[in-house]
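Here's a quick briefing for anyone meeting this structure for the first time. Take a look at it, then read on.

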Amino acid sequence: MSVESSSAAGTVPAGSGRRAEIPVPAQGNVVAPQAGISPPFADPAALGLGAFALTTFVLSVINAGLIPKAVEPVVLGLALFYGGLAQFGAGMWEFANRNVFGATAFCSYGAFWLSFWFLSQFSAGSLPAADASKGVGLYLLAWAIFTAYMTIAAWRVSMGVFAVFVFLTLTFIALFLGAFSGATGLTVLGGWLGIVTALIAWYCSLAVVANSTYKRTVLPVGRR
């Protein structure tokens, strides 16, 4: 019996010699399970993308200067529970679905939001004032590097997910340059890029939900 992915994007039986489809996000053209066997898990991409998008959107609105910086603590609960724990859980389910890309992305960005919460709550206050911006800049630079190389793999997933990673890479680059240089304008630019990233990720999340629910392609994501 061949093991198949549970993604609604379609599957390729293990050992078939064909490239397995990477199921983030699902395209919605549900393939009937072989021999009446149902996939073991629902596609967790909708949860992972939604958690990433919402948390990114709220922080990016603040970074863009659309609301005062003083309200930034409102992000912390989202970073801990939704962007962090919920997204990390989606990544663990992607491991169960044998989706290396989805598991790596969701677990990593779930951990990013958990680390953001920890940094804001426990570490930021202990950083030397003269070097705090450099420390934050290094933190953001490391995430920019990770996101940049994940973008290479995202090209093989779908155009929607590829767009998320392109804009997220640009977001991290703008934010780390802003932190290193102290240029507020770059941080604001990073906020606007983050808003675009979040909107695309929300669209991809909606596509997984809608296409799976209607069992047909309602919202295309440009699967590769």
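**A quick tour**

Let's start with threonine 217, which is partly exposed at a relative accessible area of 36% (buried means under 20%, exposed over 50% and partly exposed in between, using a 1.4 Å probe and protein chains only). Keep in mind that this is a predicted model, where local features need pLDDT of at least 70, side-chain atom pairs count only at pLDDT 80 or more, and totals for chains, interfaces and linings use all residues. Residues are numbered from 1 along each chain as its sequence is written, and side-chain values use heavy atoms, with hydrogens and water left out.

**Around threonine 217**
- Threonine 217 sits in the segment after α6 (184–214); helices here are DSSP runs of H or I with at least four residues, numbered from the N terminus.
- Alanine 207 is 10 residues away from threonine 217 in sequence, and their C-alpha atoms are 8.2 Å apart in space.

**The nonpolar core**
- The largest nonpolar core has 38 residues, and Phe101, Tyr109, Trp113, Phe116, Phe165 and Phe172 touch the most other members (a core is a set of buried Ala, Val, Leu, Ile, Met, Phe, Trp, Tyr and Cys residues joined through side-chain atoms within 4.5 Å).
- Two or more residues of this core come from each of α1 (45–63), α2 (74–96), α3 (100–123), α4 (132–154), α5 (159–181) and α6.
- With eight residues, α5 gives the most to this core.

**Aromatic rings**
- There are 18 aromatic pairs, counting rings of Phe, Tyr and Trp (its six-membered ring) with centres within 6.5 Å; planes under 30 degrees apart are stacked, over 60 edge-to-face and the rest tilted.
- Take phenylalanine 146 and tyrosine 149: their ring centres are 5.3 Å apart and their planes stand at 80 degrees, so they're an edge-to-face pair.
- These two are three residues apart in helix α4, so about one helical turn separates them.
- Phenylalanine 146 is buried, at 11% relative accessibility, whereas tyrosine 149 is partly exposed at 48%.
- Both belong to one aromatic cluster, whose members include Phe52, Tyr139, Trp143, Phe146 and Tyr149.

**Cysteines**
- How many disulfides turn up in a search of the whole structure? The search finds zero, a disulfide being a pair of cysteine sulfur atoms within 2.5 Å.
- Cysteine 107 counts as buried at 10% relative accessibility, and cysteine 204 counts as buried at 0%.
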